[in-house]
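Dear colleague,

I am handing over the structure below, and after it you will find my notes on what was found. Please read them with the structure open beside you.

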Amino acid sequence: MVNNRNEIEVRKLEHIFLCSYCNVEYEKTTLLEDIELIHKGTCGINFNDIETEIKLFGKKLSAPIIVSGMTGGHSKAREINKNIAKAVEELGLGMGVGSQRAGIVNNNLIDTYSVVRDYTNNLVIGNLGAVNFIVDGWDEEVIDKAVEMIDANAIAIHFNPLQEIIQPEGDLNFKNVYKLKEVISNYKKSYKNIPFIAKQVGEGFSKEDALMLKDIGFDAIDVQGSGGTSWAKVEIYRVKDEKIKNLLEKFANWGIPTAASIFEVKSVYDGIIIGSGGIRSGLDIAKCMAIGCDCCAVALPILKASLKGWEEVVKILENYIKELKIAMFLVGAENIEELKKTPYIVKGTLKEWISQRL
Ligand SMILES: Cc1cc2nc3c(=O)[nH]c(=O)nc-3n(C[C@H](O)[C@H](O)[C@H](O)COP(=O)(O)O)c2cc1C
């Protein structure tokens, strides 16, 4: 069953502060450094003509960037969601909210999520945990509540086995993943035909996962691979017991690096792919788009900026867009469709990964 309400709120608040002020990132990388986009020496385009707009889940975005779902469920989360919403509205981008479980179990917390709709009409993605459908028997009515809570344009279902196994209060039974097939199909029949996104939280999906997610009926996969926020690292700061700390340290670098996860997923999946987990620059975004993504998502840097104010979030996202445009100029891509066709090479560990797996 769901945890005690206060427990969820306290844990969420702890996560925000630990992620903001401690080193919670992987030592290993996304492997995006093993991708090289081929410089176009003749360039052949006018920088001022570069167009970064895309359409995602029926909404226009000024660039292929969304803010990953992170929070909700307490007053600090309300402020963070508000700042992110203001920033994405200003720039014409999209955002997700964090797990809506707190709002599902306690109506008084709904406002900490729904606040985003006071500030943006752009793409907003809801967020629920796969494990709650599998273990707690949640059904399509819960999805309806989550969608209505924020007038969501799409809903992300997060899969977080590492997080659950390392949290003292975690749910450990992911056996009946196919339960989601029935729930998604029932929701689409009885309520709205909105897109469903399978989302990881920083450890990535494999090609075997992607095949299963396709079969379950997910319209999109948000890979959220390794190289950015490491949940084992986050939990190391929360536990007091030295033995558990030692155990967590062994898993601090667990996961499929983001670039490898993108190649794994695209080898078998023809739905929408979001490149995410450790995305820290516009160049990272350009690389993800070139290797097969339809959009990218960023979490940790936006969380940190949002605690300082919405203008700080705008600054970071503006930088990403500027860097993306510079990369597009240097490969001679006038728009995102052209960027997706840009040639690249794969080297080092990523090349080895691909040769062994795909
Ligand atoms: C403070 C914090 C809270 C998060 N909460 C959620 C959540 O509720 N639901 C979810 O799907 N992902 C959650 N995430 C995971 C992010 O969406 C993302 O998958 C992960 O942080 C990797 O991206 P990054 O390297 O850009 O941070 C959270 C991340 C952070 C930093």
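**A buried glutamine in a loop**

Gln-224 counts as buried because it has 32 C-beta neighbours inside 10 Å; here a residue is buried if 20 or more other C-beta atoms lie within 10 Å of its own, exposed if 12 or fewer, and partly exposed in between, with C-beta atoms placed from the backbone. This is a predicted model, in which local features need pLDDT of at least 70 and side-chain atom pairs count only at pLDDT 80 or more, while totals for chains, interfaces and linings use all residues. Residues are numbered from 1 along each chain as its sequence is written.

Gln-224 is located in the loop between β9 (220–222) and α10 (231–238), where helices (H or I, at least four residues) and strands (E, at least two) are DSSP runs, numbered from the N terminus. Not counting residues up to four places away in sequence, Gln-224 touches Lys-199, Gln-200, Val-201, Gly-202, Gly-204, Ser-276 and Gly-277; two residues are in contact if their C-beta atoms, placed from the backbone, lie within 7 Å.

**Positive phi values**

Most residues other than glycine have a negative phi. Gln-224, however, has a phi near 40 degrees, a positive value in a residue other than glycine, and Cys-43 likewise has a positive phi, near 55 degrees. Cys-43 is found in the loop between β1 (35–37) and β2 (54–56), and with 12 C-beta neighbours inside 10 Å it counts as exposed, whereas Gln-224 is buried.

The buried residues are Trp-231, Ala-232, Lys-233, Val-234, Glu-235 and Ile-236.

Two packed helices are described by the angle between their axes and the distance between the axes. The axes of α10 and α11 (residues 242–250) come within 9 Å and cross at roughly 165 degrees, which makes the two helices roughly antiparallel. Axes are lines fitted to C-alpha atoms, for helices over the stretch in contact, and angles run from 0 to 180 degrees between N-to-C directions; angles under 35 degrees count as roughly parallel, over 145 as roughly antiparallel, 65 to 115 as roughly perpendicular and the rest as oblique. Ala-232, Glu-235 and Ile-236 of α10 make the contact with Lys-245, Leu-248 and Glu-249 of α11, and these residues divide into 3 nonpolar, no polar and 3 charged. In this division Ala, Val, Leu, Ile, Met, Phe, Trp, Tyr, Cys and Pro count as nonpolar, Asp, Glu, Lys and Arg as charged, and the others, Gly among them, as polar.

On the α13 side the contact is made by Gly-282, Leu-283, Ile-285 and Ala-286, and on the α15 side by Tyr-320, Ile-321, Lys-322, Glu-323, Leu-324, Ala-327 and Met-328. These residues divide into 8 nonpolar, 1 polar and 2 charged.

Leu-324 of α15 counts as buried, with 26 C-beta neighbours inside 10 Å. Leu-324 and Leu-283 are 41 residues apart in sequence and 5.5 Å apart in space, C-alpha to C-alpha, and, leaving aside neighbours within four places in sequence, Leu-324 is in contact with Thr-52, Ala-63, Gly-282, Ile-285 and Ala-286.

Helix α2 (residues 75–91) packs with α15 at an angle of about 45 degrees, their axes 8 Å apart, and this pair is therefore oblique too. The contact joins Asn-83, Ile-84, Lys-86, Ala-87, Glu-90 and Leu-91 of α2 to Trp-310, Val-313, Val-314, Leu-317 and Glu-318 of α15.

**The ligand shell**

The ligand is surrounded by 25 residues, of which the closest are Gly-98, His-158, Gly-228, Ala-299 and Leu-300; a residue is near a molecule if its C-beta atom, placed from the backbone, lies within 6 Å of it. The elements that give two or more residues to this shell are α1 (5–21) and α14 (300–306), and the largest share, 3 residues, comes from α1. The shell divides into 9 nonpolar, 15 polar and 1 charged.

With best regards
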